[in-house]
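Biologist: I would like to learn how to read a structure like this one. Could you take me through it feature by feature?

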Amino acid sequence: MPPAAAAWCTYVADRVGTKLRWSLTVDRREHDTLRQLAVNCESTDVEYEPV
């Protein structure tokens, strides 16, 4: 995680976008953590292009 809390939403969106783009798996712990971090990111969009 980035040390600055203001960058967390961007980090989460980028991580989720990368997982989706490359069809990477997410285990339950990572899934739960990402969901918890994304709670305060209502205005952040995840953008990706499938390969």
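Modeller: Let's begin with burial: a residue is buried under 20% relative accessible area, exposed over 50%, and partly exposed in between, using a 1.4 Å probe and protein chains only. Leu 34 counts as buried because its relative accessible area is 10%. Before we go on, this is a predicted model, so local features need pLDDT of at least 70 and side-chain atom pairs pLDDT 80 or more, while totals for chains, interfaces and linings use all residues. Residues are numbered from 1 along each chain as its sequence is written, and side-chain values use heavy atoms, with hydrogens and water left out.

Biologist: Which residues is Leu 34 in contact with, beyond its neighbours within four places in sequence?

Modeller: Contact means heavy atoms within 4.5 Å. By that rule, Leu 34 meets Val 12, Arg 15 and Val 16 once those neighbours are set aside. Trp 22 is 12 residues from Leu 34 in sequence, and their C-alpha atoms are 17 Å apart.

Biologist: Where does Leu 34 lie, and how are helices assigned?

Modeller: Helices (H or I, at least four residues) and strands (E, at least two) are DSSP runs, numbered from the N terminus. Leu 34 belongs to helix H2, and the chain has two helices and zero strands.

Biologist: How many disulfides does a search of the whole structure find?

Modeller: A disulfide is a covalent bond between the sulfur atoms of two cysteines. Here the criterion is a pair of cysteine sulfur atoms within 2.5 Å. The search finds one: Cys 9 and Cys 41, with sulfur atoms 2.0 Å apart. This pair links distant parts of the chain, 32 residues apart, with Cys 9 in helix H1 (residues 8–21) and Cys 41 in the segment after helix H2 (28–38). The link is left-handed, at -85° about the S-S bond. Cys 41 is buried, with a relative accessible area of 10%.

Biologist: And Lys 19: is this residue buried or exposed?

Modeller: Lys 19, in helix H1, counts as buried because its relative accessibility is 17%. Its side chain makes a polar contact of 3.3 Å with that of Glu 30. A polar contact is a pair of N or O atoms within 3.5 Å; within protein, one must be able to donate a hydrogen and the other to accept it, and residues adjacent in sequence count only if both atoms are side-chain atoms. Leaving out residues up to four places away in sequence, Lys 19 touches Leu 24, Thr 25, Val 26 and Glu 30.

Biologist: What share of the 51 residues counts as buried?

Modeller: The share is 16%.
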